[in-house]
Amino acid sequence: MSGAIVVDHPLVQHKLTIMRNKATSTQGFRRLLREISTLLCYEVTRDLPLTQITIETPICEMQAPTLAGKKLVFASILRAGNGLLEGMLDLVPSARVAHVGLYRDPETLTPVEYYFKAPEDLGERLVIVVDPMLATANSAIAAVEKLKARGANNIRFLCLLAAPEGVAKFIAAHPDVPVYTASIDAKLNDHGYIVPGLGDAGDRMYGTK
């Protein structure tokens, strides 16, 4: 789909298959989510700008590449976003972290905000918003709106799974925010769940259902 980048690396797809399996344990699901988030983070940061600095190796002095600009911000949509966040911080431990607390009203499927905390200088940093599922896209749209209101202007959205309806709705609301995902599944069901999906990522990660 236009505006969405599917990460089709074999390791990503292999781990996703195991996560989809309802027989996978809570421990296994949590471990795999952390592993796959590192691989997804590699892709979403592939084009970060570099600059050159002078260093000394044990052999000689050289000009070597290093990340340019201010450190990244990973914005986790609570609670399930923290499952992706942990693996991404393994790869980029110096990143700043924002938390956006939203839950989906089970009747209306609309997001309800209960918490927001972010660095002050969002406008000077690349912000990568993370949530395992892009289903109805209501929470993702609301989270990005909140971050934009706080000054963020360079944003990417990273998820594990997406529904085509959610991708279309998100891109319509935020055409300037690219979507990175491991899979765009078939559809949403009547309850707003991705089909075939993997169930509720938060419940499977924390063993709450």
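**Entry 1: the largest pocket.** I kept in mind that this is a predicted model. I looked up the space in the largest pocket and found about 700 Å³. I then checked which residues line this pocket: there are 30, and Leu102, Tyr103, Arg104, Ser139 and Asp200 are the closest to its centre. Next I asked which elements give two or more residues to the lining, and I noted strand 4 (73-78), strand 5 (96-104), strand 8 (133-134), helix 4 (138-149) and helix 6 (201-206). I sorted the lining of the largest pocket by class and got 16 nonpolar, eight polar and six charged residues.

**Entry 2: the second largest pocket.** I read a volume of about 320 Å³ for the second largest pocket. Its lining has 18 residues, and those nearest the centre are Ala68, Gly69, Lys70, Lys71 and Leu72. By class, I wrote down eight nonpolar, five polar and five charged residues for this lining.

**Entry 3: Val177.** I found Val177 in the loop between helix 5 (164-173) and strand 10 (179-184). Is Val177 buried or exposed? Its relative accessible area is 3%, and buried means under 20%, so I put Val177 down as buried. I also looked for its contacts, leaving out residues up to four places away in sequence, and listed Val144, Lys148, Ile155, Arg156, Phe157 and Phe170. Last, I compared Val177 with Val167: they are 10 residues apart in sequence, and their C-alpha atoms are 11 Å apart in space.

Notes: Residues are numbered from 1 along each chain as its sequence is written. This is a predicted model: local features need pLDDT of at least 70, side-chain atom pairs count only at pLDDT 80 or more; totals for chains, interfaces and linings use all residues. Side-chain values use heavy atoms; hydrogens and water are left out. On a 1 Å grid over the protein atoms alone, a cavity is a set of points where a 1.4 Å probe fits but cannot get out, and a pocket is an open set with protein on both sides within 12 Å along at least five of seven lines; lining residues have an atom within 4 Å of a point. Grid points are joined across faces, edges and corners, and a volume is the space filled by probe spheres set on the points. Helices (H or I, at least four residues) and strands (E, at least two) are DSSP runs, numbered from the N terminus. Ala, Val, Leu, Ile, Met, Phe, Trp, Tyr, Cys and Pro count as nonpolar, Asp, Glu, Lys and Arg as charged, and the others, Gly among them, as polar. Buried means under 20% relative accessible area, exposed over 50%, partly exposed in between (1.4 Å probe, protein chains only). Contact means heavy atoms within 4.5 Å.
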